[in-house]
Each structure stands twice: as structure tokens, then as C-alpha cells.
Amino acid sequence: MKQIYLFSSALAFLTSAVLAAQQGATCNSTNPCSSQYPCCSEYGFCGDGYYCLGGCNPLASNTLNSCNPSPMCENANYTLSDTSRILSNYTYFNGNASEYDWVVEQGSIINTTSNGEAAIAVLLTESGGGTLLSSTRYVHYGQITARLQTGRWAGVVTAFITMSSIKDEIDWEFPGNQTTTGQTNYFWQGVIPTQTAGVTETGLTDTYSNWHDFTIDWQPDSLTFLVDGNVTRIITAVEATNNATGVAQFPTTPSRIQLSIWPAGISTEPQGTVQWAGGMINWNDPDYVSAGHFYALFQSVSVQCNDPTTPSASDTSYMYGANSSLDTPSIAFSNASTMINGAPALIGMSTGAMSMWLGVSVALGLGGLVL
């Protein structure tokens, strides 16, 4: 019996090790994930658990509905200095958007004040890289305003964007040390156009020292950018139509709001990106030496939803589905749960890793797992 027991434990360990090796396989629309690890993360890796939550790409996952339903938009005013609604480690997020409004996907945040207003600082360091916050809820058209102060250093980019699970993207970005301008842009399903849609918005007053309200007003037929309530740019879906294909390359899919600071001026970035951001980062800059980090400040985010159809009272999420068009999957309201199953202590641990942990615990006689 003892030999059988040890053999069974060893077999369980080896089996789970093989399964765990499949976790993290790369994925894209032509190389989707397996049924074992069905969800393709926003960074293009297969997994389960939190891989199936925010940013999970349905076009590169095992099936269109492998990803969990996306939490539906709600009108809200988020005061970011209240960090009780920000989860600092997104791998512990279980999909419950009623518990957390934001997750930190990378990096660090701290509380601070500027010009008498409480805010959070998102940090960038040489060793740790930048910081990215993502909303737990999605927006499917609406008006989004972020109140922020940018960085002021060459190679350092402050960003307020929306990003969908299939890479529809709308940007307000502030590259380098240009503190009197901002850049607006948009992308359709991650396609990089031959002619950039990016435009530099001029005439801003010191975005490092002063608070400004930057707005993305995203509607089914148009996209408007505003600064402090003043329109700076309007794009229509008709203008975004590709003449060769007749497809409107215009953002149309539910998107998360993302706030970030990121290092564009580093050796691993393309030369064009480095130049766009104002050159290489100077890690000996007095500001960096004094504080130990670069930073951008975010005070608040407001959201006014404008879903193209009216959800029912029981709807809580968006779901992707098949579409007769090959360009974009269909979007439907759903009352399906957005949460992943599992014990809180193991949230973020893959099925394979969990099996390995259990196999080891049995082999070592650690007993049962109390949930």
C-alpha cells in the first residue's frame, strides 16, 4: 500500500508538472489557447483563473466565451485617493467589480497631495518599471474624464487610455518633457495604420504643475477629445473607414480605463518610440535621485455610460459572441457572473500549479486543504 501511495503521489506530481508547463504558452488569433488553459491574457499568454478576467482576448482564447463576462459600465465618480477600492495585486482579483473599482496590474502607487488636492502618484523606477491601473468595469461608449498631472522627464510617458480585450484603444498620452502639449490617438483591434491617427494637442498650461481634466467622449459614431471641457478634436467613424476594405477601423468594443506611467526611453524600446518620448531616460535626473522614482498624479476619474442599447435590470456584464462579420465579434448584455471560482487563498494560482501544490502536500503528508 505504501508503494502504491508513493507511486500515485509521484504520478500526480509529474502530471501536474506537465500541465503547469502549458501555462504561459503564447497565444494569438491564429494560435489560440488549449482547452486546458483556455484564456489568452491581454499580454498574449494562455492560462486560467485571473487570465480569464480583464483584458482576456476572446479572439485568441480557446473559444469566444472562454473569457469571463466583463463587468458592465456604471455611472460613477471615482476619487482615487480612497485606495480602499484599489486592489494592489491584480492576481488576487476574482472578478467582483462591486468590491474593487481598480486593480494595479504592474508597479506601485502612493497617496499624495498637489495644489491642495488629494491624489495618488503612480510610480516609475529603473528596477521596477512603470505602473498600470486598470478599471474593473468596462465602458461600451460614454464619456470618461480623468483629472491628472503629468510627468516632465524625457523618455517618461503619462497615459490615460481605454483598452478593449481585442485591442480597440483610445489614448490621451503625454510623452517626455513636453508639458504644454498632449497627444490623442486611437486604434482598431491593435492594427498599426500606415498613417498614424495621432495628433498633438497644443496650448496646454504646464501639465506637470497644474491639474487638468482630460476627457474621452466615445460614441458609436464619433470620438471627441476635450481638455478642461473644451473640445480639441473630433473624429467620426466614417472618417475611420478603410477605403480598400470598407471597414470602419474605429473602436467599438467594451473597454477598460487604464491610467499609467511607463518608460518609453529605454534600450528595449524601438528607436522610434524613444524619439517620440523625447529620448532616453536620465536616471541621474535630480528629481529621480531625490525621490527615488518618477511619477504622475491622478486625482479622479468620472464615467458616464452610454451603452448603444438599454440593458435590462438584471444585466450585469458584457459577453462576446459569434458574428456574421469576420471583423468584430458581437457584444451582448448578460446576467452571467463575472467572477472566477476558487478559494480566495488560491486565486491567481493556475489549475496546474494548484494540482502540483496538492500533489506535493499529499506526498509530504500535509493533510487536507481547509477552504
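User: In what order do the 8 strands of the open sheet come?
Analyst: The order is β5-β6-β9-β18-β11-β12-β13-β14, with mixed pairing. Strands here are DSSP E runs of at least two residues and helices are H or I runs of at least four, numbered from the N terminus; two strands pair if DSSP finds at least two bridges between them. Before we go on: this is a predicted model, where local features need pLDDT of at least 70 and side-chain atom pairs count only at pLDDT 80 or more, while totals for chains, interfaces and linings use all residues. Residues are numbered from 1 along each chain as its sequence is written, and side-chain values use heavy atoms, with hydrogens and water left out.

User: Which strands stand at the edges there?
Analyst: β5 and β14 (199-201) do; each has a single partner strand, so one side of each is left without a neighbour in the sheet. β5 pairs with β6 in the parallel sense, over 2 bridges, and L87 stands opposite V103 in β6.

User: And what's the strand order in the open sheet of 3?
Analyst: That one runs β3-β20-β21, with antiparallel pairing.

User: Now β10. How many of its residues are buried?
Analyst: 7 of the 8, so β10 is largely enclosed by the rest of the structure. Buried means under 20% relative accessible area, exposed means over 50%, and partly exposed is in between (1.4 Å probe, protein chains only).

User: Which way does β10 run relative to β15 and β19?
Analyst: Antiparallel to β15, with 7 bridges, and antiparallel to β19 as well, with 8 bridges. For landmarks, T145 has T215 as its bridge partner in β15, and Q143 stands opposite Q304 in β19.

User: What is V301 in contact with, neighbours within four places aside?
Analyst: Counting contact as heavy atoms within 4.5 Å, its partners include W102, I144, I257 and L259.

User: OK, aromatics. How many pairs does the structure hold?
Analyst: 17. Rings of Phe, Tyr and Trp (its six-membered ring) pair if their centres lie within 6.5 Å; planes under 30 degrees apart are stacked, over 60 edge-to-face, and the rest tilted. Y141 and W218 have ring centres 4.7 Å apart and planes at 55 degrees, so that pair is tilted. Y141 is in the loop between β9 (131-139) and β10 (142-149), W218 is in β15 (residues 212-219), and they are 77 residues apart.

User: How is the W153 and Y295 pair arranged?
Analyst: Edge-to-face, at 5.5 Å centre to centre with 65 degrees between the planes. W153 is buried at 4% relative accessible area, whereas Y295 is partly exposed at 23%. Both belong to a cluster of ring pairs that also takes in Y208, W283, Y288 and F294.

User: Last topic, salt bridges. How many are there?
Analyst: 7, each being a side-chain nitrogen of Lys or Arg within 4 Å of a carboxyl oxygen of Asp or Glu. E74 and R137 form one, with the closest N and O atoms 3.4 Å apart. E74 is in the loop between β3 and β4 (76-79) and R137 in β9, so the pair ties together parts 63 residues apart in sequence.

User: Are E74 and R137 buried or partly exposed?
Analyst: E74 is partly exposed at 44% relative accessible area, while R137 is buried at 13%.

User: What does R152 pair with?
Analyst: R152 forms a salt bridge with D287, the closest N and O atoms being 2.9 Å apart. R152 sits in the loop between β10 and β11, and D287 in helix α3 (residues 286-291), 135 residues apart. There's also a salt-bridge network linking E42, E105 and R256.
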